[in-house]
Structures are given as C-alpha cells and as structure tokens.
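Below is a walk through one structure, taken in steps. Please look at the chain first and then follow the text.

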Amino acid sequence: MNINTKISKELQSVEALIKRDFSKENTISGLYKYIFKSNGKKIRARLCLTTSSKTKNKEKIKLASVIELLHTATLIHDDVVDESPTRRGIRSVNNVWTNAHGVLIGDYIYSKAFIYLVDIGNKKILKELADTTNDIAQGELVQLDAINNVNINLNKLKKISYFKTGRLFEAAAKTGAIIANENKAFNYNVSECAKNLGILFQIIDDLLDYSDSKKIGKPVFQDIKEGKVTYPFFYAYKNANTREKKRLKELLGTSRDLKSKDLELIKSLEGIKKTKQLANKYHIRAVESAKKIKNLAIRKEMIELANTALNRDK
C-alpha cells in the first residue's frame, strides 16, 4: 500500500473518531453534527499522518484527530470574531445559532482535543500543542493591530501568518514525528517544511479573498471589509501615490460591496502580483526543506502538499 492510500484510509479513521465521540446533550450534539457534517481537506491531519507514517502506533489516529479538532475550534472562534456568515460554503455556527453558541462549542471542541491528548500521554506532544494553541491566540490578538492599520510592516504580517496558520501546520508535522520516535534531523526538516507550507497556505488565503471566484466557499473581499490589512492591500498601498492611497483607505472597513474597479486598482498597484511572488518564496522554502527528508515517500508527499497549497483555488 502506498503512502497516499494509507493516509487516505487513516483520515477516514480520524473522521470516524471525531464524529463518534461527542456529548449526547441535544444542543451540543446538534452543533457538533452540523460542524462536522462536511468533510474539509484535513491538510493538517494529513501532515501529522504523513510524518508519523513509519510507525504502527495506533495513537497517531487520535493525534491527527487532535490536530483537526484544534483547527476546527479556531475556525469557529474566527467566524465569531469576524462575524463571518459562511464557512466552507455553508452558514457558519454563529449565523445559524448565535455568537455565544460559536464561542462555547469552540471551547467544547478545544477541551475534547486536550482530553485526547491526555489519553495519548506524551508530555512532549502535550507541551508542543499547548504552546501552539497559545501562539494561535497570540496571532489573533496581533492581527487586531492590522485593523485599519495602513502603516503595518511586512514582518508583522509574516508574524501573523506564522502564528495564525503556520504554527499549527508546524506542530502537526512535529508531533507526528514525535509519536513516531523519529530522529532530530527528520523532526527539524518536516517541521520547517510544514511551517513554510502553513505560511504559504495563509498567503494564498489572503489572495483568494481578493478573488472574483465563487469557488472558495466563503465571502470574498471579507478582509478588506473588516478593515484587515493583508498582503494584497499591503503591497498595493506601498506602491500607491497620494491619490491612490486615499482611495485605498476608503475601501478599508467599507460596508458597500466592492466592485471590479476596486480589485483592478489593487491589481494595477501590483498587490496581487507581489503577493503571488511572496507565495512562491514560501513554496520554494517548503520544497527545499522537504528535499532534505531522507524517506522518499514522505518527501514526495510533503512536496505534493506544498504544490497543492500553492495552486489551490479555494
């Protein structure tokens, strides 16, 4: 059985575990079933299963489930903070129910993840994922600095991308290596690859928000409407003259629907082009780290994940 087929089967086990194990209280079960009725890409869980693929330790299924639960909880909380009406093409929890339901079911899913972590009983893994959840929360708080902040610098945006997204990618790969008792070199290489892959993933997310495509499963131009300065806006503003900067500032936090001419302004100021170039840089870094992985099957899988992240359209 090749690694891809093996991981696909293991992901089915992850999905079954997540969907099986929840409270029978009506309110909780209704929310929980709604959240997990659609099957996402599970790229973080896949990373964990990839880096742990050499071990027969069955706890890796539980670990991959932890990664998926942590990711899901952060998405639900994100939707509350952003007041987002949809997620993955369906109405968000806070839209169907209330913000309070979103916050509390997110907390419930977080706590379920840590119950599984206690079951696994590996202190290194527990420490890594405790640090990770703390870093993710920091990222969300730091991102508040990017609200209507046209003076934010590139390093701060990269920090937000790492904390918000790259950190869990990194932890997924690292904890998979830990549970498989892999050596330090392997652990370092998969962690670096996954970290850059995660940052790449976030950069592409920022790009897709400036898309006129309906494929992505969530509202477009959401970031700019919320006043968030992300890479496309950052680069466009940096290249703008005084008149163009005034127009761009007016777009931040606007309640009106953005039009094609608004997107064209950001394109003409190389906001999209420069963001794509940045994405390519992180793709190269991820692939370079992957090429240092001695196991050919794992190396190939990591490179494929990087290629998928770069080329995705939703």
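Lysine 267 and glutamate 264 form a salt bridge, with their closest N and O atoms 4.0 Å apart; a salt bridge here is a side-chain nitrogen of Lys or Arg within 4 Å of a carboxyl oxygen of Asp or Glu. The two residues are 3 residues apart in helix α13, so about one helical turn separates them. Helices are DSSP runs (H or I, at least four residues), numbered from the N terminus. An α-helix has 3.6 residues a turn, so residues three or four places apart point the same way. Lysine 267 is partly exposed at 39% relative accessibility, and glutamate 264 is partly exposed at 44%. Buried means under 20% relative accessible area, exposed over 50%, and partly exposed in between (1.4 Å probe, protein chains only).

The model is predicted: local features need pLDDT of at least 70, side-chain atom pairs count only at pLDDT 80 or more, and totals for chains, interfaces and linings use all residues. Residues are numbered from 1 along each chain as its sequence is written, and side-chain values use heavy atoms, with hydrogens and water left out.

The whole structure holds 20 salt bridges. One of them pairs arginine 167 with glutamate 128, at 2.7 Å between the closest N and O atoms. Arginine 167 is in helix α8 and glutamate 128 in helix α7, so this pair ties together parts 39 residues apart in sequence. Both count as buried, arginine 167 with a relative accessible area of 6% and glutamate 128 at 9%. Another salt bridge joins aspartate 145 and lysine 156 (3.6 Å, N to O). Aspartate 145 lies in the loop between α7 and α8, and lysine 156 in helix α8, so the parts tied together are 11 residues apart in sequence.

Helix α7 (residues 123-143) also contains threonine 133, which is buried at 15% relative accessibility. Beyond residues up to four places away in sequence, threonine 133 touches Leu70, Tyr110 and Phe114, where contact means heavy atoms within 4.5 Å.

Helix α11 (residues 231-239) is mostly covered, with 7 of its 9 residues buried. Among the buried ones are Phe233, Phe234 and Ala236. The buried residues of α11 pack against several helices, including α8 (154-179), α9 (184-208) and α12.

Helix α4 (residues 59-82) holds aspartate 79, buried at 4% relative accessibility. Leaving aside neighbours within four places in sequence, aspartate 79 is in contact with Ser84, Thr86, Arg87, Ser92 and Asn94.
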